[in-house]
Amino acid sequence: MFESIEEVRERLAEQDYVSDTRLATVVFLATRLNKPVLVEGPAGVGKTELAKSLAGAAGRDLIRLQCYEGLDEAKALYEWEYSKQLLYTQVLREKIGEVLKPAKDLSEAAEILRGQEDTFFSENFLVERPILQALRSEESSVLLIDEIDRADEEFEAFLLEFLSDFQVSIPEIGTVKAKAPPVVILTSNRTRELSEALKRRCLHLQLGYPSGDVELEIVRLKAPGIGEALSKELVNTIQGIRELDLRKAPSIGETLDWAQSLVVLNAKDLSKDLIESTISVIAKHDRDAEKMLDHLGVNAADTKHLGQTEPTGENPSEAMYEMHRSAHKHAR
Amino acid sequence: MDTVVNDFVQVLRDHRVRVSPAESIDALRALEQTGLGERGIVKDTLRATLVKNGEDVGTFDRLFDLFFSLRPVAEKPGARVRGHDHDHDHGPPPARLELGEESGGQKPEETEHTHDKDESTEMRKFFDEERMRPSNDVHGDAERMRLSMFSQELILNRKPGAMESALQRLTYHMRLRRSRNMFNPGGLVPNPGGEEIPLDVSAADLEGLIDHLHELEVDEAIVEQLEAQAENILKGLPELIKQMQERDKLLKKDAGDDSEVRRRALKKMLHFSASEQREMEAAVRRIARKIQGARTRRLKEDRTGRISVPHTLRHNVRYEGVPFDPVLRKRREGKPRVTLLCDVSLSTRNLSRFWLHMIYQMQSLFSKVRTFVFVADVAEVTQVLEEHDMNRAVDEIFSGRIIDADVNSDFGKAAGQFRDQFLPTINHRTTVVILGDGRNNGKWANTQALEEISQHARQVVWITPEPRWGWNLGSCDMPLYEAICDRVEVVRTVEQLGGVAEGLVKARA
């Protein structure tokens with residue numbers, strides 16, 4: 001797919017994806033060794049984007065599997081298409097009657113029917129879900145398994161066979177092996193620790209917040225409308241904000257959102273008023289916004305609350321609320 | 001190449017980075033693909049294949065820089081050594097060894113060495129990256145000095161195998177001497193000045209080695225050369241060690257006053273070894289499977305469970321009511337809420353250390369775990385446990401920065417403070433777990449505060465390491481507190497603790 005590490009970088013750059021050698025090395029190895037890549041990092045640093053750009057750079061299809069709690073193989077791998085099966089039985093009713101005609105009694109009819117079972121449990125009635133789709137595609141594709149940490153541990157275990165050998169076993173049909181092994185990219189936000197077994201099968205890539213220069217380049221690429229001076233100011237501000245102790249530090253995604261909103265607002269420079277009115281783009285928590293504004297020297301006294309605050313127990317007035325909720329323990 | 005990678009993996013393992021054999025094989029295969037041309041790429045490759053935990057990346061970077069940093073420096077800029085194409089040119093051996101620098105280190109000798117930099121980088125061209133042998137790990141047990149790979153190779157090419165054992169004997173002896181002197185077991189406070197390395201002994205070993213070489217009938221010239229080289233290394237050794245010690249001292253000075261030393265001492269006491277940690281993880285996983293929490297009242301769709309007739313009917317209307325697709329529903333297990341109050345005074349420290357580790361693991365299993373520590377004052381450490389990796393969080397808690405951990409424990413005061421500050425955090429769904437021995441050192445028991453806490457909480461469980469018969473001895477207020485708690489458990493082992501954790505939720509279901 002790629003000849004050298006340098007080529008990976010160039011081709012990704014063509015897709016407007018700014019990478020460093022570290023990332024390019026891992027991607028290169030993944031394509032060469034046919035090993036999945038596990039990308040970890042905070043939200044919004046371009047994990048998903050990597051898979052998209054890689055698919056674009058290599059000219060492959062991107063197949064995406066979004067993970068969530070309760071995801072099972074029926075959603076990830078394959079499913080029998082019951083309605084189609086039913087439709088076929090309805091339409092073929094006469095034919096079935098014909099086939100069953102020579103049968104003298106019920107058990108014989110059942111025997112004949114059993115011989116025809118394969119018709120109804122064939123690949124014809126199989127709904128391909130992302131993983132099977134990636135396995136059976138004629139050309140190697142890019143499979144993105146997004147936010148694997150949200151799926152259950154059982155699902156992780158289920159992935160192991162697929163990740164190490166690029167094959168899955170379907171009870172009714174047998175083992176499906178990949179015609180052309182896909183490039184698999186797993187992403188994780190580290191909401192929980194993944195199992196050792198999964199990690200062992202993957203190449204590991206840790207993505208963090210980019211340096212100022214890289215971020216500037218990204219802003220230039222993705223928000224072209226923004227002026228040179230403003231983009232520099234913006235990136236410097238963001239880099240400064242990341243140093244703060246925040247619940248959710250702004251990531252590249254937020255930087256770009258902010259840049260784009262500034263473009264929309266036709267801003268020339270980052271004035272204090274402008275910061276105050278657009279801070280909600282980069283701050284996702286009330287307290288974070290206050291901290292940022294303090295840091296930037298904008299008076300935060302009259303900032304509006306961005307959302308409902310949950311009782312934290314730090315404010316004594318919340319006590320009443322919780323007391324009320326706790327009701328009477330002994331009355332139950 | 002594989003031995004070098006294996007050695008490196010070994011060093012990683014020594015520093016508690018878990019690397020499986022499959023991963024080191026991967027690393028080798030990956031290196032075949034990328035080649036060894038560029039240091040940065042080799043590093044990235046090894047990082048991607050060997051390190052799978054975010055916390056270990058720092059360790060890896062540090063070790064990589066140390067491991068692949070000992071460079072032989074030529075005496076004269078023109079001296080060419082062609083070790084690498086095996087043509088036995090007998091060039092002058094590398095005369096001096098240089099300590100690997102940690103990212104621009106604060107060594108005073110730095111200036112003296114900088115003008116050598118060019119030569120040394122030039123030298124590097126003649127050595128494959130993978131031949132750069134590790135020498136010296138400033139930070140730990142893997143302290144070993146080795147002759148440069150180059151010299152080993154010179155001889156090994158003539159007498160394959162024969163030399164290696166001899167050389168390794170040398171390495172072995174030196175390592176032995178060093179490690180015996182590096183640590184003083186039993187002492188809590190490491191004494192940074194007390195490490196002296198008796199070099200004469202090593203020199204004697206070297207003589208023995210050279211005799212051994214003569215016996216082996218290795219080419220005389222090479223032996224001589226090795227002798228000269230080894231002498232050079234040995235001559236340089238005291239200086240190197242002095243440098244190392246000085247740098248260590250500098251590093252320590254930078255790190256701060258004696259609280260740093262104290263912290264380190266504590267670290268020794270509190271740190272879990274990798275295997276302990278693994279055991280713990282497994283134990284917690286086992287326990288987690290057992291506790292799961294109380295069942296919620298609502299049924300949810302699930303892959304397993306009972307067939308729900310109404311849902312199945314509704315769902316299968318599209319198949320003319322033929323139940324093709326049964327809908328299964330099951331009660332989901334709810335996660336219990338736990339508030340943990342942990343006594344970190346000296347008397348229960350061992351158990352609370354364990355408990356904290358356990359809670360650290362469990363934070364994800366319970367829906368809400370809030371952890372407080374107390375001795376006489378109460379402080380919340382939930383954040384600390386969430387933000388840092390396990391060992392650091394525990395260090396932090398015992399370091400005395402959050403609360404003063406060295407006063408006598410005062411349960412009465414702690415309970416009072418908790419009631420005043422944190423009572424709103426508990427409600428009828430919360431289980432309060434108190435870990436402590438109830439030894440109040442004669443202070444006021446303040447049972448009212450605990451009673452109030454108990455009224456707000458679903459249940460209060462007290463875990464004490466002391467058996468019941470001990471409660472009557474000395475100033476123990478356990479009998480007073482027992483009346484208030486829903487349960488008091490005496491816990492002395494992991495299994496018992498697991499049992500309690502299990503009980504926590506069983507009572508709810």
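Start by selecting helix H1 of chain B, residues 2-14, where B:Phe8, B:Val11 and B:Leu12 are buried (20 or more other C-beta atoms within 10 Å of a residue's own; exposed means 12 or fewer, partly exposed is in between, and C-beta atoms are placed from the backbone). These three cover an arc of only 100° around the axis, so they sit on the same side of H1(B); the arc is taken from the directions from the helix axis to the C-beta atoms. Helices (H or I, at least four residues) and strands (E, at least two) are DSSP runs, numbered from the N terminus.

What you are viewing is a predicted model, in which local features need pLDDT of at least 70, side-chain atom pairs count only at pLDDT 80 or more, and totals for chains, interfaces and linings use all residues. Residues are numbered from 1 along each chain as its sequence is written, while chains are lettered from A and ligands numbered from 1 in the order in which they are written.

Turn to the face of H1(B) away from its buried side and you will find the exposed residues B:Asp2 and B:Thr3.

Next, go to A:Val37. Together with A:Ile185, A:Val37 has the most contacts inside the largest nonpolar core, which has 93 residues. A nonpolar core is a set of buried Ala, Val, Leu, Ile, Met, Phe, Trp, Tyr and Cys residues joined through C-beta atoms within 7 Å. Helix H2 of chain A (residues 21-33) gives the most to this core, with seven residues. Beyond four places in sequence, the contacts of A:Val37 include A:Val26, A:Ala30 and A:Leu203 (contact: C-beta atoms, placed from the backbone, within 7 Å).

Then pick A:Lys199 in helix H11 of chain A, residues 196-201. A:Lys199 counts as buried because it has 21 C-beta neighbours inside 10 Å. Among the residues it touches is one from the other chain, B:Lys52.

Finish at strand S8 of chain B, residues 430-435: six of its six residues are buried, so the strand is largely enclosed by the rest of the structure. Show strand S5 (residues 337-343) of chain B, which pairs with S8(B) in the parallel sense over six bridges (pairing needs at least two DSSP bridges). Here B:Leu340 stands opposite B:Val433. Strand S9 (residues 459-464) of chain B also runs parallel to S8(B), joined by five bridges.

Note on methods:
The expected span of a helix is 1.5 Å times one less than its number of residues. Two residues are in contact if their C-beta atoms, placed from the backbone, lie within 7 Å.
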